[in-house]
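Welcome, and please open the structure in your viewer. We will go from stop to stop, selecting a few residues at a time.

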Amino acid sequence: MSVVEGEILSGDWLNPELSRVLLGDYGRAWLKERKVSQRTREEHTSVWRNHVEPFLGRYQVNEIGPELIRRWRAELLEKGRSEDRTAKAYRLARSMFATAVDDGRIKRNPCRIKGADQHRTPERPHASIDEVYRLADVMPPRYRFLVLLAAFSGLRWGELVALQARDVDRETMLVRVSRKIAQMKDGELVVGPTKSAAGVRTVALPRFLDEDLAAHLPEFAEPGREGLLFTGKRGGILRRGNFHRETDWARTVVKAGLPKGFHFHDLRHTGNQMAAEAGATTRELMQRMGQSTVRAALIYQHATSARDRQIADELNARVERYRSSKRGDPDDGSAASMVPIG
């Protein structure tokens, strides 16, 4: 019995014609057929064109083995690509080869470098309650509640600017996240579903936010239940660039006592940190933050809404103690015994 006959009988035989396709052709088709959001497709296409196709695109998929993958990755780093971009390129190539295995073009994925899909990200700063309020206080009034909501809910920028008045229930202090707005590289704004299924969620808000929400709605939100909660000063969807210009963000964060280079996204990190300090388990935290990884979807999707309310109530109690201490209100000593946050 020949080797080919043995492979056919065992189910291991691959049609050699399928494996002779150039990765350049296969990758372009893969990108076109992949069901992802418009923003993710734009990101994948950029990584492919700049970091994967120029080196690997000229090889047939059956010619690309672990050694070539190691050389390609090393060359990216040697030519000055960041660890972040190199890891993204590696993950994209690995996904393409995984599909090639499923398609019966190759037997094994050549991307087998341990840890190559990860990169070391410097720890981002997070703000204390005092710093959050100092930042909110120096913001233009239109954006005060945006800063507070970002910090105490942990929502992403794209989720925040997509919120409509109907998404926030003032009676229960719950916010429903079901969509996001993504800005493409050409400036186009795309309204669509959240980053992943895990992003569709209901988040309990600390009750102290109702005061600022009540002030914000009639003054700055669009009218009607379907009106946007946050808009630019000329109306319409709030763009990140306009927000940074109108708030003079880079200088304003320093004025508020935050470190130079503090990002708006660091307010989400702040919310994550505070929720963890309020007693959220990892499972509860991932549900609250709308974690979109496969691992999170499998492990952390069963957090209960009752516990989420407890998290928000604990945040509320901590901030109320802080506010009482700033006013000098008698607090039976609770302010003095308050555990510092951040």
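Is Phe264 buried or exposed? Select Phe264 and have a look: its relative accessible area is 4%, which is under the 20% cut-off, so Phe264 is buried. Keep in mind on this tour that the model is predicted.

**Stop 1**

Trp249 belongs to helix H12, while Phe264 sits in the loop between H12 and H13, so the pair ties together parts that are 15 residues apart in sequence. Trp249 is buried, as is Phe264.

Now zoom out for a moment. Across the whole structure, a search finds 10 aromatic pairs. One of them joins Trp157 and Phe264: the ring centres lie 5.0 Å apart with the planes at 90°, so these two rings meet edge-to-face. Since Trp157 is in helix H9 (residues 157–160) and Phe264 is in the loop between helix H12 (249–255) and H13, this pair ties together parts 107 residues apart in sequence. Trp157 has 8% relative accessibility and therefore counts as buried.

**Stop 2: into helix H13**

Next, select residues 265–277, which form helix H13, and pick out Asp266 within that helix. Is Asp266 buried or exposed? Its relative accessibility is 2%, so Asp266 counts as buried. Leaving aside residues up to four places away in sequence, Asp266 touches Arg124, Pro125 and Gly261.

**Stop 3**

Move on to helix H3, residues 23–33, and colour Leu23, Gly24, Tyr26, Gly27, Trp30 and Leu31, which are buried. Turn the view to look down the axis of H3: these buried residues fall within an arc of 165°, so they line one face of the helix.

What do the buried residues of H3 pack against? Show helix H4 (38–56) and helix H6 (83–102), and you have both partners.

**Stop 3: a charge over a ring**

Finally, select Phe55 and Arg58. Arg58 lies over the face of Phe55, at 5.5 Å from the ring centre.

Conventions
Residues numbered from 1 in each chain as written. Predicted model: local features only at pLDDT ≥ 70, side-chain atom pairs only at ≥ 80, totals over all residues. Heavy atoms only, no water. Helix = DSSP H or I, 4+ residues; strand = E, 2+ residues; numbered from the N terminus. Buried < 20%, exposed > 50% of the residue type's maximum accessible area, 1.4 Å probe, protein only. Contact = heavy atoms within 4.5 Å. Arc of directions from axis to C-beta. Phe/Tyr/Trp six-rings, centres within 6.5 Å; stacked < 30°, edge-to-face > 60°. Lys NZ or Arg CZ within 6 Å of the ring centre and 35° of its normal.
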